[in-house]
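Here is a short report on how one chain packs. Keep the structure open beside the text and follow the residues as they come up.

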Amino acid sequence: IQQLRIILEKDPNYSKALFTLGEIALQEDRYSDAAIHLQKSVELDPSFGMASYLLGRAYIKLGKKELGEEAFARFRTLSAQELAERKEGKKRLTLAP
């Protein structure tokens, strides 16, 4: 955790470090801390679906059902987009001469 804090001192907008701090806080049942770190991670990198998923879990644990459902919906949308992009990429590979 100390290394993550050092990284964030140098770059407070490093979304992956914020995500990891949020993930650790969630595992330690520190839901408020988790929500803070994960929300900032999502704000900095809206396409990072797993951050939205874990944010939804943190909100649900905090009793913020509506915010949790919004985060889960964002995760589902991002997951569907990623799957579609992967399928499109495979189609391009098979159609390439």
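## Helix packing and core

The model is predicted. In helix 2, the buried positions are Ser15, Ala17, Leu18, Phe19, Leu21, Gly22, Ile24, Ala25 and Leu26. These buried residues pack against helix 1 (2-10), helix 3 and helix 4. Helix 2 itself has 13 residues. From first C-alpha to last it reaches 18 Å, close to the 18 Å expected at 1.5 Å a residue.

Helix 4 also has 13 residues. At 1.5 Å a residue they should span 18 Å, and the end C-alpha atoms lie 19 Å apart, which agrees. The buried residues of helix 4 are Gly49, Ala51, Ser52, Leu54, Leu55, Gly56, Ala58 and Tyr59.

**The cores**

In soluble globular proteins, nonpolar side chains tend to be buried together. Here the largest nonpolar core has 15 residues. Phe19, Leu26, Ala34, Leu38 and Leu55 have the most contacts inside this core. Helix 2 (15-27), helix 3 (31-44) and helix 4 (49-61) each give two or more residues to it.

**How the helices cross**

Two packed helices are described by the angle between their axes and the distance between the axes. The two pairs compare as follows.

| Helix pair | Axis approach | Crossing angle |
|---|---|---|
| Helix 2 and helix 3 | within 8 Å | roughly 155 degrees |
| Helix 3 and helix 4 | within 9 Å | roughly 150 degrees |

Angles over 145 degrees count as roughly antiparallel. Helix 2 and helix 3 are therefore roughly antiparallel to each other. The angle of roughly 150 degrees likewise makes helix 3 roughly antiparallel to helix 4. The crossing of helix 2 and helix 3 is left-handed. Helix 3 also passes helix 4 in a left-handed crossing.

Which residues form the contact between helix 2 and helix 3? From helix 2 come Ser15, Leu18, Phe19, Leu21, Gly22, Glu23, Ala25 and Leu26. They meet Tyr31, Asp33, Ala34, His37, Leu38, Lys40, Ser41 and Leu44 in helix 3.

Helix 3 meets helix 4 through Tyr31, Ala34, Ala35, Leu38, Gln39, Ser41 and Val42. On the helix 4 side, the partners are Ala51, Ser52, Leu54, Leu55, Ala58, Tyr59 and Lys61.

Phe19 is found in helix 2. Is Phe19 buried or exposed? Its relative accessible area is 9%, so Phe19 is buried. Not counting residues up to four places away in sequence, Phe19 touches Leu38, Ser41, Phe48, Met50, Ala51 and Leu54. Phe19 and Ile1 are 18 residues apart in sequence and 12 Å apart in space, C-alpha to C-alpha.

Phe48 lies in the loop between helix 3 and helix 4. At 16% relative accessibility, Phe48 counts as buried, because the cut-off is under 20%. Leaving aside neighbours within four places in sequence, Phe48 is in contact with Lys16, Phe19, Ser41 and Leu78. Phe48 and Gly63 are 15 residues apart in sequence, and their C-alpha atoms are 23 Å apart in space.

**Loops and ends**

Asp45 is placed in the loop between helix 3 and helix 4. With a relative accessible area of 17%, Asp45 is buried. Asp45 touches Ser15 and Lys16, again not counting residues up to four places away in sequence.

Asp29 is found in the loop between helix 2 and helix 3, just after helix 2.

Gln2 lies in helix 1. At 54% relative accessibility, Gln2 counts as exposed. Gln2 and Ala73 are 71 residues apart in sequence and 32 Å apart in space, C-alpha to C-alpha.

Conventions. Residues numbered from 1 in each chain as written. Predicted model: local features only at pLDDT ≥ 70, side-chain atom pairs only at ≥ 80, totals over all residues. Heavy atoms only, no water. Core = buried A, V, L, I, M, F, W, Y, C linked by side-chain atoms within 4.5 Å. Buried < 20%, exposed > 50% of the residue type's maximum accessible area, 1.4 Å probe, protein only. Helix = DSSP H or I, 4+ residues; strand = E, 2+ residues; numbered from the N terminus. Contact = heavy atoms within 4.5 Å. Expected span 1.5 Å × (residues − 1). Axes fitted to C-alpha atoms, helices over the stretch in contact; angles between N-to-C directions. Parallel < 35°, antiparallel > 145°, perpendicular 65-115°, else oblique. Left-handed = near helix turned anticlockwise from the far one by under 90°.
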